[in-house]
Amino acid sequence: MTARVMMTTDLAFCYLDDDVTTAQALMDKHGCRHLMVVDPERVLVGTLERDDLPPISTRESRSLQVRPEVMEPREEATQG
């Protein structure tokens with residue numbers, strides 16, 4: 001078996017300047033324990049692990065659910 005067979009093409013990432021609540025919300029949305037961190041040019045600069053993030057409050061979690069821009073790609077990054 002190869003990596004090509006096992007890999008996923010649905011990549012979850014956050015930007016270097018995103019706060020940890022955004023990172024955790026993305027991990028929750030994608031069901032992952034690790035998240036790639038990219039710079040504004042989408043160059044990989046590192047990874048985050050869920051266990052390394054501070055816990056967020058229920059209130060913060062709810063506020064992210066009503067802000068779709070947190071869960072969608074940034075407009076400036078999608079216009080290549």
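These are my notebook entries on a few side-chain features of a predicted model.

**Entry 1: salt bridges**

I looked for salt bridges and found two in the structure. Side chains of opposite charge can pair when their charged atoms come close.

I took the pair of Asp28 and Arg50, whose side chains meet at 2.8 Å, N to O. I noted Asp28 as partly exposed, at a relative accessible area of 45%.

I then took Asp51 and Arg33, whose side chains form a salt bridge at 2.5 Å, N to O. Asp51 belongs to the loop between E3 and H3, and Arg33 to the loop between H2 and strand E2 (34-38), so the pair ties together parts 18 residues apart in sequence. Asp51 is exposed, with a relative accessible area of 55%. Arg33 is partly exposed, with 42%.

**Entry 2: aromatic rings**

I searched for aromatic pairs and found one. The ring centres of Phe13 and Tyr15 are 5.6 Å apart and the planes stand at 80 degrees, so I recorded the pair as edge-to-face. Is Tyr15 buried or exposed? Tyr15 is buried, because its relative accessible area is 7% and the cut-off for buried is under 20%. Phe13 is partly exposed, at 23%.

**Entry 3: a surface patch**

I checked the surface and found a nonpolar patch formed by Met1, Val5 and Met6, with about 410 Å² of accessible area together. Val5 is part of helix H1 (residues 3-6). I wrote Val5 down as exposed because its relative accessibility is 56%.

How values were computed
Residues numbered from 1 in each chain as written. Predicted model: local features only at pLDDT ≥ 70, side-chain atom pairs only at ≥ 80, totals over all residues. Heavy atoms only, no water. Patch = residues over 30% accessible without salt bridge, like charges linked within 9 Å, V, L, I, M, F, W, Y side chains within 5 Å. Areas by Shrake-Rupley, 256 points an atom, 1.4 Å probe, with all protein chains shown as cover. Salt bridge = Lys/Arg side-chain N within 4 Å of Asp/Glu carboxyl O. Helix = DSSP H or I, 4+ residues; strand = E, 2+ residues; numbered from the N terminus. Buried < 20%, exposed > 50% of the residue type's maximum accessible area, 1.4 Å probe, protein only. Phe/Tyr/Trp six-rings, centres within 6.5 Å; stacked < 30°, edge-to-face > 60°.
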